[in-house]
Amino acid sequence: MPDEHQSGRSRPSGEPLKRGDDNDSPPIPDGMLAIIMAILAVVLVLGYLFVNKMADISHQEDCVLAHRRNC
């Protein structure tokens with residue numbers, strides 16, 4: 001039984017079978033890619049600052065719970 005395209009015609013034996021999902025979606029526009037990268041950079045910086053603040057609070061709490069006076 002010969003291989004058939006979606007149109008019903010038989011394809012030549014050397015032609016690869018097309019899936020339809022490979023190149024159907026258009027690429028992301030440059031402006032949208034820049035916005036995504038900027039949002040990612042902001043999220044990473046804010047995450048870094050948040051983790052540092054949480055570490056400072058933890059050190060302060062450890063100092064207070066140890067009853068030290070020079071925290």
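The paragraphs below go through this predicted model from its helix to its surface and its disulfide. Local features are reported only where pLDDT is at least 70 and side-chain atom pairs only at pLDDT 80 or more, while totals for chains, interfaces and linings use all residues. Residues are numbered from 1 along each chain as its sequence is written, and side-chain values use heavy atoms, with hydrogens and water left out.

The chain's secondary structure comes to 1 helix and 0 strands, where helices (H or I, at least four residues) and strands (E, at least two) are DSSP runs numbered from the N terminus. Helix H1 covers residues 30–65, and its 36 residues reach 52 Å from the first C-alpha to the last, close to the 52 Å expected, a span defined as 1.5 Å times one less than the number of residues. After H1 comes His67, with a positive phi near 60°.

Of the 71 residues, 3% count as buried, that is, under 20% relative accessible area, with exposed meaning over 50% and partly exposed in between (1.4 Å probe, protein chains only). The chain exposes about 6900 Å², of which carbon and sulfur atoms supply 61%. Met32, which lies in helix H1, is partly exposed because its relative accessible area is 43%.

The whole structure holds 1 disulfide, defined as a pair of cysteine sulfur atoms within 2.5 Å. It joins Cys63 and Cys71, whose sulfur atoms are 1.9 Å apart, and the link is left-handed, with -95° about the S-S bond. Cys63 counts as buried because its relative accessibility is 10%, whereas Cys71, at 41%, is partly exposed.

Note on methods:
Accessible areas come from the Shrake-Rupley method with a 1.4 Å probe; for residues, only the protein chains shown count as cover.
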